[in-house]
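Colleague: Hi! Could you walk me through this one while I have it open?

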Amino acid sequence: MHNEYLQTLELAPGATEKEVKAAYRKLSKKFHPDVSKDPEAKDKFIAINEAYNFIKSVGPSPRAEQVTYDYDPYAAAYEHQRKEARKRAWQRAKEVERMQQALMKRLLDGFMYLGAAIVLFNITLAIDYLLPRTIADEPIVQSRSVVERSRGKTYYRYDELQFADFLMRFDRHTVKDLDLTGSAEVTSTMLWQKPMEVTLGTTSGPVHLLQLYNVFHVFGYIIPAMFLIVYLYQFKMRTLDSKMTLAIFMLIMFAIQFVVFLRF
């Protein structure tokens, strides 16, 4: 008779004890709920543990002359061993789940401090956006068109103006064709001193331009998104899995926001 537990472990009837252990280690790692993307990973993990526990406790056929596992483990004589194997498999699955939950809880407890810092940072950004702007006369140090070369081709990305205290970027062809006089008034935020707009002096009169990218323009949606994520995290998400998903999403959004903050 064919041993179905061997089939679960992907083994032949003549498998040795060493091969049984090796197959168990390989498959339990493959379908471990921590690493496997298989939607049936937990059920397979339990089945693998049940098969291994049964074979380990019963071993080859009780008949001395038979040295293989080629027998029916579902025969009535093995009912007790099956129950014990299934019980230990479920205990192992519950222990893995308990460890998962404990790890997520520790990670989320640590995230509270980082999350608080992210919220505080976004509060200052929101306040900075609402405060009155500061206006400064800035000489133009450099004006250039930024290009990027990729696969042998050149791409015109944007125009850039370097002032004494600010660096501003604008959409391509915005500044390139202007006949600048060298004077400018830069409007920036009060707290973080982020340039928002500029009035350029040209031979044909003043030209008003908005900063192309910064933490308020284009990427400004991240600020209210952060507050929404915090609200959902604190008051709507009930499970550790959902909280962890939101925490990861919040970290990704903050990484984008912080890079933009530093660069622009």
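Colleague: What sits over the ring of Phe261?

Modeller: The charged end of Lys194 does, 4.1 Å from the ring centre. Bear in mind that this is a predicted model.

Colleague: Thanks. And which ring has the charged end of Lys243 over it?

Modeller: That is Tyr233, with 4.3 Å between the charged end of Lys243 and the centre of the ring.

Colleague: Back to aromatics, then. How many aromatic pairs are there in the whole structure?

Modeller: A search finds 16. One of them is Phe121 with Phe261, an edge-to-face pair with 5.1 Å centre to centre and 85° between the planes.

Colleague: Where do Phe121 and Phe261 lie?

Modeller: Phe121 is in helix 4 (residues 79–130) and Phe261 is in helix 6 (residues 240–263), so their pair ties together parts that are 140 residues apart in sequence.

Colleague: Is Phe261 buried or exposed?

Modeller: Phe261 counts as buried because its relative accessibility is 8%, under the 20% cut-off. Phe121, at 12%, counts as buried too.

Colleague: How are the rings of Phe258 and Phe261 arranged?

Modeller: They are stacked, because their planes are at 20°, and under 30 degrees counts as stacked. The ring centres are 6.3 Å apart. Both residues lie in helix 6, 3 residues apart, which is about one turn of the helix.

Colleague: What about the exposure of Phe258?

Modeller: Phe258 is partly exposed, with a relative accessible area of 34%.

Colleague: Nice. Changing topic: how many residues does helix 2 have, and what is its reach?

Modeller: Helix 2 covers residues 17–30, so 14 residues. From first C-alpha to last, helix 2 reaches 20 Å, close to the 20 Å expected at 1.5 Å a residue.

Colleague: Which of its residues are buried?

Modeller: In helix 2, Val20, Ala23, Tyr24, Leu27 and Ser28 are buried. Seen down the helix axis, the buried residues fall within an arc of 120°, so they line one face of helix 2.

Colleague: What do those buried residues pack against?

Modeller: Two partners: helix 1 (4–8) and helix 3 (41–58).

Colleague: And which exposed residues are on the face of helix 2 turned away from the buried side?

Modeller: Lysines: Lys18, Lys26, Lys29 and Lys30 are the exposed residues carried there.

Colleague: Great, thanks for the tour!

Key
Residues are numbered from 1 along each chain as its sequence is written. This is a predicted model: local features need pLDDT of at least 70, side-chain atom pairs count only at pLDDT 80 or more; totals for chains, interfaces and linings use all residues. Side-chain values use heavy atoms; hydrogens and water are left out. Helices (H or I, at least four residues) and strands (E, at least two) are DSSP runs, numbered from the N terminus. The expected span of a helix is 1.5 Å times one less than its number of residues. Buried means under 20% relative accessible area, exposed over 50%, partly exposed in between (1.4 Å probe, protein chains only). The arc is that of the directions from the helix axis to the C-beta atoms. Contact means heavy atoms within 4.5 Å. Rings of Phe, Tyr and Trp (its six-membered ring) pair if their centres lie within 6.5 Å; planes under 30 degrees apart count as stacked, over 60 as edge-to-face and the rest as tilted. A charge sits over a ring if NZ of Lys or CZ of Arg is within 6 Å of the ring centre and within 35 degrees of the ring normal.
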